[in-house]
Amino acid sequence: MRIRNERTLFLLLILVALVLQRIPWPESAAAFKPWFLGLVVAYFTLEVPGRISLGLAFVLGLCADLVTGVGVLFGEHAFRLTILVYVLLRFRYRLRFFPLWQQTAAIGAIFLNDSVLTVWVRMLGNYGWPPARFWFAPMTGMLVWPILFLSLDHLRQLARVRSI
Amino acid sequence: MNSPDRAQLFAKGADSTLALLVYAAAAIALMVLDRKWGYLNDVRAGSQSLAQPIWALAELPAKIADASQTYLTDRAELAEKLNAQAETALRQSTELLALRAQAAESVRVRALLGDEPLATSKGLIARVLSVDLDRYSQRIAIARGARDGVLVNSVLIDEKGLLGQVTEVGASTAIAILLSDVNHRVPAEIVRNGLRVYVVGLGRDAALALDRMALNADIKIGDQLQTSGLGGVFPAGLPIGHVVSVARADGDSFAQATLIPAARLGLSKLVLVLPPRPNIGPVFDLRRAAPTISTVPNTPAASATAASR
């Protein structure tokens, strides 16, 4: 089945990201689970102009908070996504012109920043300092980025969605 | 960002920064509300039904993986467990065999000691005075009575296994009903698998039967039966007999099995009387007390018992 509508593809991918986030990983690998929602949102922020606004990021974050349920402060994902999208929008033009490896490095830095923010929020919430393996997740996100970037490009082509 | 201004290398600063501040402040406010006062628990609880499908979707692969993993690991684990249990069972059954041999030996030793009651044993050796074996009544009279401490429901065994229980007590004699009496039932269990059954008499001293056994009951020829200890009369673990035939005829509601009793029901000369288990009344209401006990004529006690009936 071909997905004609680009918006349908977007919503579908958001849903997939939420589900993927929710799927438990084995204890030993759990720390490596990337932030799927952040990655998908980052892709659309960079590649599809006007698709993601700060308001949409906020709303998506709230959805993620609801889906995540307990164990996270309500509003944490909203906060993280808003900042992520802001940073991406701010450097969007530069990021888009980077070669893929450079873009990947930049995405890594942005996700690291996101992790710093998360830690900051959790410290404020008295949740304490996270374990060292907490910092694996942004690295995994960075490693996943090129694959995700290329496959989503391909998907969008299949969906006959023209980028800029 | 909806502006089609592509020449800019940087996004427009002012309004998006303002928006960021607003949204970030909103998010932080939400988090504070959640953390400090837990206001949002209700929201969360209310939205669970919305999030449920996503959770269900997310759990699907885990469930599948779980199921297959359970299937795979359980086979290994179960095999291991089974081995361990088989080992335990083997060890315990050999211990049991040894114990049973010892028990039988002790009974035999007591029997060798003669007619005298054993001060150290709870059991009481009794000579069999008379044996009454017919189709409807399988009873024996023993030369011990109330004077010796024999009570109704005292259990009779010989060196091989269970004989029966005392139903009437005279001063120095007592009458006991045998396992083979058609009115007698013993709560029993199969030694091999613990299956609980009732052993009933057939009116013949050489055979017993299992009562109302399900067609699919796990019972095989050669299975040993012992008292289960249920019912409050017989102590657990007394040998009853072993299965010699199992029939599951078409159209029958129950499986038929016959046993050969372990004890020499009609042939014992000496029996051991065990005190009944405490705090129980008579379990078998035998309105028809042994009608035809043929007594040994030159035993006054037995005659007295017979006369008293």
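Of the 164 residues in chain A, 37% are buried, a residue being counted as buried if 20 or more other C-beta atoms lie within 10 Å of its own, as exposed if 12 or fewer do, and as partly exposed in between, with C-beta atoms placed from the backbone. In chain B, buried residues make up 31% of the 309 residues. The structure is a predicted model, in which local features need pLDDT of at least 70 and side-chain atom pairs count only at pLDDT 80 or more, while totals for chains, interfaces and linings use all residues. Residues are numbered from 1 along each chain as its sequence is written, and chains are lettered from A and ligands numbered from 1 in the order in which they are written.

Chain A has seven helices and zero strands, whereas chain B has three helices and 12 strands; helices (H or I, at least four residues) and strands (E, at least two) are DSSP runs numbered from the N terminus. Two residues are taken to be in contact if their C-beta atoms, placed from the backbone, lie within 7 Å. Among contacts with a separation of 6 or more, residues 24 or more positions apart account for 67% in chain A, and the corresponding share in chain B is 60%.

The largest nonpolar core, which has 50 residues, is a set of buried Ala, Val, Leu, Ile, Met, Phe, Trp, Tyr and Cys residues joined through C-beta atoms within 7 Å. At least two residues of this core come from each of helices 1 (6–22), 2 (36–47), 3 (54–68), 4 (76–90), 6 (100–124) and 7 (136–158) of chain A, and likewise from helix 1 (14–37) of chain B. The residues with the most contacts inside the core are Leu37(A), Val40(A), Val41(A) and Val85(A). Leaving aside residues up to four places away in sequence, Val41(A) touches Ile52(A), Ala57(A), Leu60(A), Leu81(A), Leu84(A) and Val85(A). Another core, of 48 residues, lies apart from the largest one and includes Val150(B), Leu179(B), Ala262(B) and Val271(B).

Between the chains, 29 residues of chain B are in contact with 30 residues of chain A. On the side of chain B that touches chain A, two or more residues are given by helix 1 and by helix 2 (41–112) of chain B, and helix 1 of chain B gives the most, with 12 residues. This side of chain B divides into 22 nonpolar, four polar and three charged residues, where Ala, Val, Leu, Ile, Met, Phe, Trp, Tyr, Cys and Pro count as nonpolar, Asp, Glu, Lys and Arg as charged, and the others, Gly among them, as polar.

Within chain A, helix 6 and helix 7 pack at an angle of about 145 degrees with their axes 8 Å apart; axes are lines fitted to C-alpha atoms, for helices over the stretch in contact, and angles run from 0 to 180 degrees between N-to-C directions. By class, the contact of helix 6 of chain A with helix 7 of chain A has 11 nonpolar, four polar and one charged residues.

Confidence is given by pLDDT, the predictor's confidence in each residue, from 0 to 100. Chain A has a mean pLDDT of 84, with 91% of its residues reaching 70 or more, while chain B averages 75, with 75% of the residues scoring at least 70. Over residues 279–309 of chain B the pLDDT is below 50. Where pLDDT is low, the predicted coordinates should not be read in detail.
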